[in-house]
Amino acid sequence: MAVIPSAIAIVAVGLLAPPASSAPPAGSQLSGAIFTTDGSGVPVNLNIYEAKEDVYLNGGPGINAPDNAAGLPAGDYYFQVTDPSGKTLLSSDAIECRRFTVNASGVIEDVVAAGGCEHATGADGEDGGATVQLFPYADTPNNGGVYKVWVTPVERYDCSAPGNKYCFVPRYSKVDNFKVRNPLIVEIDVRFFKNGVALDGYAAEWTDTNGAHNIKFSEWNPDVLAYHEAHFEATEQGTHSIKVSGQPGCGLGAVVGPDGALAKIKGSSATVSVTVADHNEGDYTYRVDVTCK
């Protein structure tokens, strides 16, 4: 991953967003984000973990998001771990063992008691919420060592919905990818610039190959190799999309995809298709660059 030249100035800008609320109305996507961390809520470099037991679920506005960014809507959620295609369920316990509660602040409050099978938790030192251990789950069959964690509101858990992945409906689910003991880096990075300035705290939305989604924010965090980028890590082979929208301080001027082509801006948004190849060696970063006006 290339580092932004030192001649480029840096600025962090707050993103206006609504507060956490109750479950979203029918047809809408979830606000907020999920992400994986260690048990103390600390991000792990490139979402690559040493052991399956080390991976914890975190939720809220997102790592290094602006203070007023939306968290997950308050309520109860289920989670699962699958391979990146969603075709193989890796979580090995009952769904009721994988239930947790999000509080009015939009962060995970605790797991829900389930007769002793509920998952272990940690404490996030940044936002005061809980982290939830994803283990137990089986090894991924994916050749790249990629796992996908899904989160969906309990009321959206629907085993009869078309296209559901073990009753998780992609359009109503948040996802994040991670790896265990596989150092190959494959990621999509989104960068925002204005007058030669790299902007931090700006949101990009990722829709994965299944139609599930998540939001990340551009950040300066060298510990996880984030150099003013919104990181979507361990992305699987196939076609993904990145949506960026006008935000306070960043009206869309130009959006350039990994192939150098300009995306069409419709209203205040633009969507870029990113086709991730089957990478078996070497590291690869797909970049989407946004010029603000």
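Reader: Let's start with the cysteines: how many disulfides does the count come to?
Author: A heads-up: this is a predicted model, where local features need pLDDT of at least 70, side-chain atom pairs count only at pLDDT 80 or more, and totals for chains, interfaces and linings use all residues. Residues are numbered from 1 along each chain as its sequence is written, and side-chain values use heavy atoms, leaving out hydrogens and water. A disulfide is a pair of cysteine sulfur atoms within 2.5 Å. By this rule the count comes to three.

Reader: With bonded cysteines counted along the chain, what pattern do the disulfides follow?
Author: Cys 97 bonds to Cys 117, with the sulfurs 2.0 Å apart. Cys 159 and Cys 167 have theirs 1.8 Å apart, and for Cys 250 and Cys 292 the S to S value is 1.9 Å. Counted along the chain, the bonded cysteines give the pattern 1-2, 3-4, 5-6.

Reader: Is the disulfide of Cys 97 and Cys 117 left-handed or right-handed?
Author: For contrast, the link of Cys 159 and Cys 167 has 100 degrees about its S-S bond and is right-handed. In Cys 97 and Cys 117 the torsion about the S-S bond is about -95 degrees, so this disulfide is left-handed.

Reader: And Cys 159, buried or exposed?
Author: Buried means under 20% relative accessible area and exposed over 50%, with partly exposed in between (1.4 Å probe, protein chains only). Cys 159 is at 51%, so it counts as exposed.

Reader: How many residues apart in sequence are the parts that Cys 250 and Cys 292 tie together?
Author: Here the S-S torsion is about -75 degrees, so the link is left-handed. Cys 250 sits in the loop between S18 and strand S19 (252-256), and Cys 292 in strand S22 (residues 284-292), so the parts they tie together are apart by 42 residues. Strands are DSSP runs (E, at least two residues), numbered from the N terminus. Both cysteines are buried, and the separation you asked for is 42 residues.

Reader: Moving on to strand S4 (residues 56-60), how many of its residues are buried?
Author: On one side you find Tyr 56, Asn 58 and Gly 60, on the other Leu 57 and Gly 59, and both faces are covered. Of the five residues in S4, the buried ones number five.

Reader: In what order do the four strands of the open sheet run?
Author: Strands pair if DSSP finds at least two bridges between them. S2 (residues 33-37) is joined to S4 by five bridges, antiparallel, and Ile 34 stands opposite Gly 59. S4 also pairs with S9 (residues 130-133) over two bridges, where Leu 57 stands opposite Val 132. The antiparallel order is S2-S4-S9-S8.

Reader: Last one: what is the relative accessible area of Thr 235?
Author: Thr 235 lies in the loop between strand S17 (226-233) and strand S18 (238-245). Beyond four places in sequence, its contacts (heavy atoms within 4.5 Å) include Trp 206, His 240 and Val 276. Thr 235 is buried, with a relative accessible area of 4%.
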